[in-house]
Amino acid sequence: MKILCCFLPLLLCTFILRAQQANTTLRGKIVSASTREPVEGAVISLLHNKKTALSKSDGSFTITISSPVDSLLVSHVSYLPQTIAVNSGTPALLITLSESITKMNEVTVNTGYQNIPKERATGSFVTVNTELLNNRVAPDVISKLEGITSGLVFYKGITGRNTELSIRGQSTILSNAQPLLVVDNFPYEGDINTINPNDVESITILKDAAAASIWGVRAGNGVIVITTKKGSYNRPLQVTLNANVTVGKKPDLFYNRDFLSSAEFIGVERFLFDMGYYNADFTAVNKRPVTPVVDILYRQRQGLLNAAEANTAIDQLKSIDIRNDLQKYFYRQSVNEQYSLSLQGGNERGNYFLSGGYDKDIASARGSENDRVTIHSVITSRPLKRFEVSAAVDFIASTSMADNTLSQITMGGPNGKSIYPYAGLAGSSGNALSIVKDYNTDFISHATEHGFLNWQFLPLDELRNQYNTTSSKSYETRVLAGIAYHVSKSINAEIKFQYENSMGYRRKLSTLQSYQARNSINMFSTVSAGEFVNYNYPAGGLLDQYNTGLNSYNLRGQLNYNKGWGRHSMVAIAGIEQRQFTNESNSKRFYGYDDDLATFTDVDPTSYFTTYPANRSFQIPTGQDITATLDRFRSVFGNAAYTYDNRYTLSASGRVDGSNYFGVEANKKNVPLWSAGFKWNIDQERFYHAGWLRLLKTRITYGYNGNLNKSITAYTSGFYSSDAPYTGRSFLTILTPPNKELRWEKTGILNAGLDFALRNNIVAGTLEYYYKNGKDLIGDNTIAPSTGFIDINSFTNTVKGNFANMKGHGWDVQLNSVNINRSFKWTTQFLFSYATDKVTFYGGSNPPSQLVHIGNGSSGFVLPVQGKPVYGIYSFKWAGLNPSTGNPRGYVGDIASEDYPLLDNPALLTDIQYNGPARPREYGSIGNTFSLKHFSLFVNITYKLDYYFRRSSVNYYYLFRYNNSNGDYSKRWQKPGDEKTTQVPSLQYPPNISRDDFYNNSSILVEKGDHIRIQDISLNYNLTKNVLVKLPVNRVELYAYVNNVAIIWRANKEGIDPDYPSGIPPLRTYAIGLRTSF
Amino acid sequence: MKALYKIILFTIVFYTSSCRKDWLDAKPDKKLVIPVSLADLQALLDNDIYVFNNGQPSLGEIASDDYYIGYPDWQALYTSTEKNSYVWAKDIYQGESVADWMLPYQHIFYANYILENIDKIVPDSNEVSKWNNIKGSALFFRGFDFYSLADIFSKQFDSATAATDPGIPLRLRSDINDIVARSTVLQTYHQIISDLTASIPFLPDVAAYKTRPSKTSAYAMLARTYLGIDNYALALNYADSCITIQNTLIDYNSLDLTASFPFNALNDEVILHAAINYPQIVSNYVAIVDSVIYASYDTNDLRRYAFIDTTDGYPRFKGGYDGSTGFAGIATDEILLLRAECYARLSNTTAAMKDLNDLLITRWKSGSYIPLAATSADEALALILTERRKELIFRGLRWTDLRRLNKDPKLAITLTRNLNGQLYTLPPNDSRYVYPIPDQEIVASHITQNPR
């Protein structure tokens, strides 16, 4: 039947043509230069006698030629036009068309469902190709996107959170705010960082509704589509090898502002000792630890040491700086090696791509190592003419090992203090020294003599002997199978299936020798008059196992329609899919564990034991848990784009998603989402003659993306927990109150774009404006406490529901320029994004003091305020220091005040200051590429502007109680007049927590986050075949790369990296590598 | 083209076959449920540490006179609520959320939800006792928590003014959209008594776990309630019913008095376990037992050692019947003392003194106890109240007793505190014996605030 379809028009044509025998008929066939596939829908016109014809599905055409000599123009939307001189005697032609390179970026964009020619795409897409990805050396894919992707920003260094990605700012309040990650057409559920970046062909970012709405309810935050490498037909074997090594400096512990020199710290301790601050510690029942200096002072007070002896001992401690030992023994240079080898090739009937990768990462923290093996394989075959089958198998095995000692270098005891700065970790011969940990030194030596296990903590011993480590293994398997059937030239049906499995095994082992195990064993021992009697806690190691298993399957059936006729062309898809994702985990703890024999001992988890020496009653926790979650989706989707005369494109898409939303009535489990778009290629208009502006296109789209929040339900829901402490029974906690009005989140997005290019692409660019309107967003609503419903996460009387609305808008600008184009070439890519969001309606209310503390999104909380961005920096108003006392002052009304409890807990939102957004509103990059002969140099400068952060400063209460230091202590107000040069309050004793809290959250410590940094520099030396004639290789590329180069400008005067206001920023790394193919 | 149709047909078949109604009905998390079954409702009631057996109000304990603390410790308290309560300030919360209000209402929300759903279940014959236990327990806890709230947030019951004094909002439905105004004190006590009374026929004599209500605990709570409204005859009646079922007393001679926690949770004397909404101020690192109380324990009185630790030179409360410092449940000793008081108030001196001596003989060193004697009911009452003070320290009962006994001019006392040289006083029947309603409640439901 199909054959008939194809031949019928052909027969008719020939019939008609034969009727006009007077003229000569010219025949020919058009094929693609790259694929050798016939090109359908090409317009063949004779310039002289104005006749036109279209190529058929097999690429063939016929046209009647009436003048003896003429020019044949062949044009097609996706190919470069070609003009051929013809005459009446010209024999059958075979015309090879090359793909058009006039597009700004790629020929097509991949949405995960289809490849759309960029020329006809109405939506907002950004494509990052292999070359751009290769500029950066990194172990993962995602970090390669930073600074080269328009509209994408990375939020780093937020306390309590991992690095977060954002496409065009915030689109939701309480729901997941991360973009959807798609790998090879399906959402990726495993750890995206394990994917080998060498296997990635290209990445497409879907930003607006027209681009992303095909992903329905998961598209609300944009979509990142990663496409891995595949083979191509008719291509000889190509082997590519890539190897590189990255070396990083040791972290600079001296950068950390939250530190006080030993001398100054000892000064504080002496002062506190004299004030009697530690008196209770010496007599406390629980043998509280005291630092060596306080211990010396106490001995002096008791007459065990004279003043001179005490001073000598203390002076010795003054010269110790723990950072030196940490840097020497706990850190090292990081080394990351990466190797990847790939093979690809293909003939008429099939093609393949096969790669293997190995990564080894020796992290800067000693004892911390990762490695990864990746295998990526794809085979595509055309066993029958109209069938194409493909299969892909990916396997990733990663292991990681980490030592836990570093995090334990703290002072414990009932308050849990930070370590004192003069703690020496190693003696002169490099031998391990003990530090004061949970109890005082006398008690520890006493206990050791009375039958207890040694109670000392020697960090270096633990590190060297790996007493306390966490090791993880994970195995990621992905299997894809696809079958495509070419029903006709324009219709293609396909079924795709993907199965993904990810298994993770983590084990944290503290051996019997570890301090953690010894401490627990000692603590839980039965004791009589200070003598050890027996163990209640098995005397052995402690093994914590945490295993996860993640499975997903996706099944998609899809029909693709692609047809061009005359001036019309139409691309459409329709399909259905179903996906299921399960996540199971279990944790188990083994007591008395011996790793050599794999033996363990049971404990009595129900009895209460009195701990020694604290005299508290505790149970020994079982450490067991099991979780199992399941997500199911079923969706119907479709879209269509119609283009007329290559000038106008109309697009529309729709999708209905269903999900196993819990406790929702069936009719609300499905949500329809849609989008529509229009594109006008102005430069294709007949009236358009601006040759200097070679390319000019404009487009506009509108539509809805959705978001999921499964944490709320229409009915009262609860979750089971095991093992209630008094009964041992399973018990139920109410999680959500009923909410019959529950709906999905929807964000309406308007996007308007302009693409242009000057002659010769001297400047080419894209300008986009967007407006987002989030409706029915999940938000909190405060309810009366007497309702009795308490949100178990926030411990407040709030309920979640579709209570919030927000708006956002912004700009994305991308400009590419060719500044010099001779043998020396200089090109620039300039990216600028402006993204702002505002909560327009929010039913909940947050205490002003809470906004000040965590309104910036730290600690994982979101505290929206109507009229403000989702994450903002709020602070207490600052009225300067009191000139006579150095007390910090705030405002009560308009009056400067020192009423700290009131200042620290203001009643109204107007009592506090909103400084500005916590996340950059303006960001982007300037990438410059310089190339000369075989060399090219890429320098990427990134910037983030228009946002704020809070820097840390001295908090006397925390300094005294928890040893939490800050360098600002040295700048404190000490005498009248100091207020002219410092804003750091005077030391007050006894400390006043409200005073300290007020100061630490006042506007004086809020800094502008604006900064510009040289993110990375890469230098490439590239030799191609024509130079390497004598060598059996096609290409050799040597590269050197420096990452995290330097900050070149920052608004704050304190030298703080605003991406990392606390802690230590990532280190500069240097890499060299080789990439070759043959 | 036929092939195309085949494909379309195939996909439609595939899709509709997967469209089985239940496919999208699968639970997203195995631990999630919509609690409607008997097992679910019982599991809600068994939520002991987070819900029903936890969160009893501590504001009264903070403001009462069992202890004092040092100025630096007072300064270091985390919440304004605790600082202000300690000195009986006019403004207590300063915007802080008030767990003492939130948690009892949370229990009431759970109880209402359970009551609404238990009535929808028609139990099989073998499940009737389960059904009864759930129904009775939910009724009991609702009454129990209304009682706890009334004790802190409304005036002490006074028959003259109870019909007009504002009580607490009586939430009898779980619907969070309901706005409930304050009842009167009379209505509040009617509800407490009606819930507790209604629970009795459904509850077992003794519960399978001491975290679950039983007839014993319902009788005990009714005895407490009637004692609070000065109906000594009924209080006696219920205390008697309670003691008839459970009269076990621990002989303190059998305890390890040197242990830091001599008592176990759920011990033989406990009738119903409940824990206070743990205040920082009353923890044994901070609070120092009132020296008069400490001195009142005879050296042969084992409570001196069982209750109090003096290792650091100060008398510190070791802990009570929860194996820790926050017992706020019901135990036999309290009910025995309650019965003794009722006997005394009803002029049955002999019976009163017998109960008192029965208790005290278990508290003293073996062989050292000389039974107390009283010549009049008043004398008996005085002895009983003194011993009640010594027996029930840090049990969350002192505040209730202060409110109750202050009504009687002969027993009324003024509390004083000395903090950093400043003196604070709380005279009897002061308006500060009623805590303000939390600001969040006033904002959300516009109910009337207590004068302070």
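A polar contact is a pair of N or O atoms within 3.5 Å; within protein, one atom must be able to donate a hydrogen and the other to accept it, and residues adjacent in sequence count only if both atoms are side-chain atoms. By that criterion, 19 residue pairs are in polar contact between chain B and chain A, both residues being at pLDDT 80 or more.

Colleagues, this is a predicted model, in which local features need pLDDT of at least 70 and side-chain atom pairs count only at pLDDT 80 or more, while totals for chains, interfaces and linings use all residues. Residues are numbered from 1 along each chain as its sequence is written, chains are lettered from A and ligands numbered from 1 in the order in which they are written, and side-chain values use heavy atoms, with hydrogens and water left out.

Let me begin with the interface. In contact, meaning heavy atoms within 4.5 Å, are 67 residues of chain B and 76 residues of chain A. The two chains bury about 6700 Å² between them, 65% of it on carbon and sulfur atoms; buried area is the accessible area (1.4 Å probe) that two parts lose on being put together, summed over both. Trp23(B), Leu24(B) and Lys31(B) supply 12% of the area that chain B buries against chain A, more than any other three residues.

Which charged groups meet here? Two salt bridges are counted between chain B and chain A, each a side-chain nitrogen of Lys or Arg within 4 Å of a carboxyl oxygen of Asp or Glu. Asp46(B) and Arg729(A) form a salt bridge through their side chains, at 2.6 Å from N to O.

I turn now to the sheet that involves both chains. Helices (H or I, at least four residues) and strands (E, at least two) are DSSP runs, numbered from the N terminus, and two strands pair if DSSP finds at least two bridges between them. Strand β35 (residues 717-721) of chain A pairs with β1(B) in the antiparallel sense over two bridges, and Gly718(A) stands opposite Val33(B). The open sheet has three strands in the order β36(A)-β35(A)-β1(B), with antiparallel pairing. Because β36(A) and β1(B) stand at the edges, each with a single partner strand, one side of each is left without a neighbour in the sheet.

Finally, within chain A, β19 (residues 350-362) and β20 (residues 369-381) run antiparallel, joined by 13 bridges. In their hairpin, with six residues between the strands, Gly367(A) takes a positive phi near 85°.
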